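Here's a quick briefing to get you started. Have a look at the sequence and the structure first, then read on.

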Amino acid sequence: MIGLEIEGLLILLSVLITGVTIGSIIGFYIFKRSYLKRLQETRETVEHLIEQAHKEADSIKRAAEIQAKDYWFKERARFEQETQAERREIEKLKRQVDEKELQLDKQLETVRRRERELDKLERDLKEREKILHAKETRLDELIAEETRKLEEVARLTREEAKAELMRSIETQARYEAAHLVYRIREEAKERAEKEAKEIIADAIQRCAAVHTAETAVSVVSLPSDDMKGRIIGREGRNIRAFEAATGVEVIIDDTPEAVTISGFDPIRREIARLALEKLIQDGRIHPARIEEVVARVKSEFDDYVKMIGEETVLELGIGGVHPELLTIIGKMKFRTSYGQNLLQHSKEVARLAGIMAGELNLNVDLAKRAGLLHDIGKTAEQGQEGPHALIGAQMAKRYGENEIVVNAIASHHGDVEPQSVIAVIVAAADAISGARPGARRESLEAYIKRIEKLEEIAAGYPGVERAYAIQAGRELRVVVEAEKVSDVAAFELAREIAHRIEQELEYPGQIKVTVIREMRAVEYAK
């Protein structure tokens with residue numbers, strides 16, 4: 001009985017141990033599976049976090065790269081803008097230096113020409129001194145003869161006759177010497193002043209070194225101020241492209257609904273104005289479009305300029321003009337001389353020359369052609385040197401114009417001698433057109449004041465009876481009292497008045513001073 005109980009306990013114990021072992025094994029496997037699952041989840045979480053960290057790092061890296069590139073582009077654009085501004089300034093300074101060098105070269109040539117003229121005048125004076133010396137020798141002989149005759153006829157002593165004769169000869173010699181010196185001095189001065197003024201006027205017209213704002217800028221109206229930003233473009237690329245294509249400077253300031261185009265070349269400025277107006281009207285403003293519009297406007301502008309020339313010759317009734325000359329005539333519309341439009345001035349000269357030629361029964365067509373073409377040298381490029389009259393004559397000759405027309409163009413400012421009556425007519429017509437009141441830029445008030453000042457200066461000298469400013473102030477005629485002013489003093493008075501005018505007045509061209517002295521003998525028959 002006891003053995004059965006022990007056996008049952010052993011079996012129970014065995015079963016219990018087996019159950020515990022099996023439970024432990026099952027529990028171990030359950031724990032292992034749970035641990036592996038948590039480990040897998042942890043690994044996946046870690047990998048997800050690592051992947052997310054990589055993504056964030058890539059995003060930060062890309063953002064940093066974009067920011068760096070944006071900063072680099074901005075810095076590059078700023079550097080290019082500063083470099084472009086410095087380059088423009090350098091080019092501007094270079095142009096100024098070149099212009100000054102050209103002016104100095106011209107001044108040096110003028111000085112050399114004056115030196116040659118002075119040398120020539122000095123040689124002339126020496127020759128005339130020799131002539132005077134010969135005359136003095138002859139006078140000594142005449143004096144001896146006259147002395148002998150006077151002693152015989154007038155019963156004068158030698159000393160008395162000599163004194164009387166010397167007084168007479170001295171007076172005559174003084175007058176002739178003063179007249180000779182004055183004439184030589186005035187000829188040299190007139191020639192030097194004429195050449196200098198022509199060189200200065202030609203330089204101003206051809207290089208446009210000094211112009212008022214009215215002749216150097218054009219204003220373009222805008223539909224709104226927002227258009228200014230589109231004209232400038234991103235980082236200034238549009239405005240840089242426009243300036244590079246047209247050769248002008250675009251000024252954008254606080255002026256409402258307007259931009260300013262600045263440039264000394266009126267043709268470039270007009271092309272730029274037309275191109276900008278087309279771009280504003282079209283609305284598409286970018287570098288490629290700018291180049292396209294500017295090129296088209298340039299092509300159309302050439303046709304427009306030629307059409308102006310054709311209309312001009314048709315208006316004047318002139319035929320057979322070379323096509324290239326038609327373009328040059330059209331360009332004169334965009335040139336000025338002392339504020340006077342060059343084309344209008346040339347048309348006026350052509351009409352005046354035609355009228356005078358008709359009155360003299362000369363070839364009216366040649367006179368009109370010469371009058372119209374007399375200033376074409378002012379449209380020449382800056383590289384051509386010399387007076388505009390000679391340059392214009394070369395241009396006319398190159399395009400097959402008549403020799404009479406070529407000479408009229410070359411001689412209208414006295415650079416060469418006129419070889420026909422038509423050349424003289426053209427010079428006279430040019431002077432009339434330029435000298436008439438109001439033809440050139442000068443206010444009426446300033447014109448009247450200048451005329452009054454001229455007459456006032458002359459009237460202030462003793463012995464002056466009347467003074468008149470004529471030919472629009474280009475000539476001053478002074479009438480003096482014959483008993484108070486001698487012939488020699490009249491020359492000196494003209495020189496002093498001219499010198500004072502130079503010191504006190506500003507005027508275009510030159511002013512001729514003419515002193516008139518006359519002796520009137522009046523007697524009444526009773």
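Valine 219 sits opposite threonine 260, a residue of β3. Keep in mind that this is a predicted model.

- β1 is joined to β3 (residues 258-262) by 5 bridges, and the two strands run antiparallel.
- Taken as a whole, the sheet is open, has 3 strands in the order β1-β3-β2, and pairs in antiparallel fashion.
- At the edges you'll find β1 (217-221) and β2 (249-251), each of them pairing on one side only.
- On average, neighbouring strands here are turned by 25° against each other, ignoring direction.
- In general, strands of a sheet pair through backbone hydrogen bonds, either parallel or antiparallel.
- Helix α5 (residues 266-282) lies across β1 and β3, and its direction is at about 10° to β1.

**Helices α4 and α6**
- Two packed helices are described by the angle between their axes and by the distance between those axes.
- For α4 (residues 237-246) and α6 (residues 287-316), the angle is about 25° and the axes are 9 Å apart.
- Angles under 35 degrees count as roughly parallel, so α4 and α6 are roughly parallel to each other.
- The crossing of α4 past α6 is right-handed.
- On the α4 side, the contact includes Phe242 and Arg237, while the α6 side includes Ile290 and Lys298.
- Sorted by class, the residues where α4 and α6 touch are 6 nonpolar, 2 polar and 2 charged.

**Helices α8 and α9**
- The crossing of α8 and α9 is right-handed.
- Among the α8 residues that meet α9 are Ala350, Ala353, Gly354 and Ala357, and α9 brings residues including Ala367, Gly371 and Leu372.

- The average pLDDT of the protein is 79, and 81% of the residues score at least 70.
- Residues 199-214 have a pLDDT below 50, and this stretch makes 31 contacts in the model beyond near neighbours in sequence.
- Where pLDDT is low, the predicted coordinates should not be read in detail.

Conventions
Residues are numbered from 1 along each chain as its sequence is written. This is a predicted model: local features need pLDDT of at least 70, side-chain atom pairs count only at pLDDT 80 or more; totals for chains, interfaces and linings use all residues. Side-chain values use heavy atoms; hydrogens and water are left out. A crossing is left-handed if the near helix is turned anticlockwise from the far one by less than a right angle, and right-handed if clockwise. Helices (H or I, at least four residues) and strands (E, at least two) are DSSP runs, numbered from the N terminus. Contact means heavy atoms within 4.5 Å. Two strands pair if DSSP finds at least two bridges between them. Axes are lines fitted to C-alpha atoms, for helices over the stretch in contact, and angles run from 0 to 180 degrees between N-to-C directions. pLDDT is the predictor's confidence in each residue, from 0 to 100. Angles under 35 degrees count as roughly parallel, over 145 as roughly antiparallel, 65 to 115 as roughly perpendicular and the rest as oblique. Ala, Val, Leu, Ile, Met, Phe, Trp, Tyr, Cys and Pro count as nonpolar, Asp, Glu, Lys and Arg as charged, and the others, Gly among them, as polar.
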